[in-house]
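My notes follow in the order in which I looked.

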Amino acid sequence: MAESIGTIREKFQAAAIEELPALFLQYEQDERAGVRAVLEKGRKKFSAYEAEIARCEKLWQYEREYASYAHICGIDEVGRGPLAGPVVAGAVIFPKDCNILYINDSKKLSEKKREELYDVIMERAVAVGLGYSTPERIDEINILQATYEAMRQAIANLQVAPDLLLNDAVTIPQVDIRQVPIIKGDAKSISIGAASIMAKVTRDRLMVQYDEVYPEYGFASNKGYGAQTHIEALKKYGPCPIHRRSFITHFCEKEGLN
């Protein structure tokens with residue numbers, strides 16, 4: 001007796017992505033419409049998987065170009081634009097033979113996927129470093145200089161010293177290591193993309209914690225960015241201790257900043 005369509009569907013659903021080609025061969029002669037639909041869905045899934053492998057293969061272009069360097073580190077930051085909270089920088093060094101799918105510019109990934117990749121990167125990376133600049137520091141020296149400080153801190157916090165830095169667009173002052181700035185690097189380099197994910201997840205988690213302390217501003221959802229509800233709360237309640245005073249002058253009277 002032929003297997004039921006439901007049983008075949010369950011097999012496909014339970015199969016690891018690498019096992020799908022064998023299932024295609026097993027059931028390619030089955031002419032039932034339900035089985036053909038299961039096969040078509042499986043083929044689309046496998047095709048997307050192959051496309052992701054090809055995309056991630058391209059993300060290693062800079063790491064391969066500079067393969068003579070022992071420890072290549074990707075650097076990126078998150079949080080230059082928000083009205084509140086720190087700017088956070090990430091630094092990631094991968095082993096030469098590392099193979100992780102779905103890494104991308106953190107803004108292009110869902111929160112769930114970023115969280116999943118955070119754990120994978122922590123497990124697979126040779127070293128991960130994080131750096132922070134507080135709102136007070138941002139106000140004191142401006143956001144660009146505070147971002148550079150966070151990046152230098154992230155590099156210093158690596159467990160392994162890098163000998164080459166791949167940076168997302170910038171050249172970091174006061175760093176003696178060779179640097180390669182790459183425009184839109186978080187979508188072009190596996191190491192920079194991973195750094196952006198580590199920075200983004202870290203900062204988002206911090207803003208969720210701040211939301212518990214300052215619930216009026218909706219930090220858990222807006223992460224400190226200028227959402228309308230955040231701006232309305234800022235006008236109603238004034239700034240809290242994690243607001244960047246230099247960023248909110250359009251929304252608060254000067255006396256409200258003191």
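I began with α8, which has 24 residues and reaches 35 Å from its first C-alpha to its last, close to the 34 Å expected at 1.5 Å a residue. The expected span of a helix is 1.5 Å times one less than its number of residues, and helices (H or I, at least four residues) and strands (E, at least two) are DSSP runs, numbered from the N terminus. I note that this is a predicted model, in which local features need pLDDT of at least 70 and side-chain atom pairs count only at pLDDT 80 or more, while totals for chains, interfaces and linings use all residues. Residues are numbered from 1 along each chain as its sequence is written, and side-chain values use heavy atoms, with hydrogens and water left out.

I then checked how covered α8 is, and found 17 of its 24 residues buried (buried means under 20% relative accessible area, exposed over 50%, partly exposed in between, with a 1.4 Å probe and protein chains only). At the start of α8, I found a side-chain oxygen of Ser-189 within 3.3 Å of the backbone nitrogen of Ser-191.

Next I looked at the packing of α8 against α5: the two helices meet at an angle of about 120°, with their axes 9 Å apart. The axes are lines fitted to C-alpha atoms, for helices over the stretch in contact, and angles run from 0 to 180 degrees between N-to-C directions. On the α5 side, the residues making the contact (heavy atoms within 4.5 Å) include Leu-117, Tyr-118 and Ile-121, and on the α8 side they include Ile-197, Met-198 and Val-201.

Among the buried residues of α7 I listed Ile-143, Tyr-148, Met-151 and Arg-152, and what covers the buried residues includes β1 (72-78), β3 (127-133) and β4 (164-168). At the start of α7, a side-chain oxygen of Asn-142 reaches to within 3.0 Å of the backbone nitrogen of Leu-144.

Last, I looked for positive phi away from glycine. Tyr-102, in the loop between β2 (87-93) and α5 (111-124), has a positive phi of about 80° and is partly exposed at 36% relative accessible area. Lys-184, in the loop between β5 (178-182) and α8 (190-213), has a positive phi of about 55° and is exposed at 61%.

Methods. A polar contact is a pair of N or O atoms within 3.5 Å; within protein, one must be able to donate a hydrogen and the other to accept it, and residues adjacent in sequence count only if both atoms are side-chain atoms.
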